[in-house]
Amino acid sequence: MEGVSREVRLLSRPRGAPSEQLFEVVETTIPEPAEGEVLVRNAYFSVDPYMRPRMNDVRSYVAPFGLGEALPGGAVGRVEVSRNERYAAGDWVLHSLGWREWALSDGKGMRTIDSAAAPVSTALGVLGMPGFTAYHGLFEIGRPEAGETVFVSGAAGAVGSAAAQMAAIAGCRVVGSAGSAAKVEWLRELGLDAAFDYHERPVREALSVEAPEGIDVYFDNVGGDHLEAAIGALHEHGRVVACGSVSRYNDVEPAPGPRNMFMVVTKRLRIQGYIISDHYDRYPEFLERAGVWLREGRLRYRETIVAGIENAPSAFCGLLRGENIGKMLVQVGPAE
């Protein structure tokens, strides 16, 4: 197929908060699929907080992003040309080839999605990796019981909003933190029992008011002062779901840990981290249950959609500044 595709590449590694100048948008030729390959025209690709640590050249659970290469990540699109018997032209698919308008795939790691069941964008959000991250972390690590109190930080984001609603579905009292009045208002619309803006008052003070009797589970997306406050508020045998630490991602030097870590011993707390890619054997279970909750209106979502691949760098920087409500997506093609 003749024509031009564009992709976003990482030019250099950030020190501190990333800027748009770290990226470049490059024109390439739309590739021609060989035998066994498919050509996908992307509709949306995802920008996610986990991408920030991968921009650093450090050892971790996965290799850092390569300089001068198109950024990988979740994307959904329609198959335009297929030379792979598992996919047909017109199929909607989810893949991890990321920040580009057109993607060439051998089909490995790609799956079809049911565009009739829900908008295709949800495969990158509430019915995709963020929703599954919330589901596994909450139910497998947090293990909330009806009547318990669950505190979710960053509760207006893609993962946090799903975790908070799932905790409510489990019969828990749910408290959420967010970074603006508009986000707090949305959390109240979702039916959380309490929500607060952490810019308005310290987290420790807010928790003493919104959860005066303490908490049983803390779903941590933020780290820093949120984690310290949660450790102080947790009951004995409380659980911390260590999902992310976005408040620390731009630190140039490592920040001191919570000053009250001794309480982990005295309260017999359990803190457990996880990487969701280790657990995709349970994805079908999640998709079935979350699909029911979505259809019943018990699991709601919002999306912040930025149009145009040229605006992907600003969308990513905006995500780290907390400018999104719900899932942050970049739209680069037709969604129907």
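Author: The model is a predicted one. Strand β14 (residues 303-307) pairs with strand β15 (residues 327-331) through 5 bridges, in the parallel sense. Within this pair, Glu 303 stands opposite Lys 327 of β15.

Reader: What unit do β14, helix α9 and β15 make?

Author: Together, β14, helix α9 (residues 312-320) and β15 make a right-handed β-α-β unit.

Reader: Is helix α9 enclosed or open, and what covers its buried residues?

Author: A residue counts as buried under 20% relative accessible area. In α9, 8 of the 9 residues are buried, so the helix is largely enclosed by the rest of the structure. Among the buried residues are Ala 312, Phe 316 and Leu 320. Their cover includes β1 (4-10), β2 (23-29), β3 (38-46) and α1 (51-54), as well as β14 and β15. Cys 317 is buried, with a relative accessible area of 4%. Just after α9, Gly 322 takes a positive phi of about 80 degrees.

Reader: In what order do the strands of the open sheet stand?

Author: The open sheet has 6 strands in the order β10-β9-β8-β11-β12-β13, with parallel pairing. At the edges stand β10 (194-197) and β13 (270-273); each has a single partner strand, so one side of each is left without a neighbour in the sheet. On average, neighbouring strands of this sheet are turned by 15 degrees against each other, direction ignored. Arg 239 stands opposite Arg 270 in β13.

Reader: Which helix packs on the sheet, touching β9 and β10?

Author: Helix α4 (residues 181-189) packs there, touching β9 (173-178) and β10, and its direction makes about 175 degrees with that of β10. Helix α5 (residues 203-210) lies across β8 (149-152), β9 and β10, and runs at about 160 degrees to β10.

Reader: How does one describe the surroundings of a buried polar residue?

Author: Gln 165 has its place in helix α3 (residues 158-169). At 4% relative accessibility, Gln 165 counts as buried. A polar atom of the Gln 165 side chain lies 2.7 Å from the backbone nitrogen of Arg 300. Leaving aside residues up to four places away in sequence, Gln 165 touches Leu 190, Arg 298, Leu 299 and Arg 300.

Reader: How many disulfides does the structure hold?

Author: A disulfide is a covalent bond between the sulfur atoms of two cysteines. The structure holds 0 disulfides. Cys 243 is in no disulfide, and the nearest cysteine sulfur, that of Cys 172, is 17 Å away; the cut-off for a disulfide is within 2.5 Å.

Reader: Is Cys 243 buried or partly exposed?

Author: Cys 243 counts as partly exposed, at 25% relative accessibility.

Key. Residues are numbered from 1 along each chain as its sequence is written. This is a predicted model: local features need pLDDT of at least 70, side-chain atom pairs count only at pLDDT 80 or more; totals for chains, interfaces and linings use all residues. Side-chain values use heavy atoms; hydrogens and water are left out. Two strands pair if DSSP finds at least two bridges between them. Helices (H or I, at least four residues) and strands (E, at least two) are DSSP runs, numbered from the N terminus. Axes are lines fitted to C-alpha atoms, for helices over the stretch in contact, and angles run from 0 to 180 degrees between N-to-C directions. Contact means heavy atoms within 4.5 Å. Buried means under 20% relative accessible area, exposed over 50%, partly exposed in between (1.4 Å probe, protein chains only). A crossover is right-handed if, with the strands pointing away from the viewer, the path from the first strand over the helix to the second runs clockwise. A polar contact is a pair of N or O atoms within 3.5 Å; within protein, one must be able to donate a hydrogen and the other to accept it, and residues adjacent in sequence count only if both atoms are side-chain atoms.
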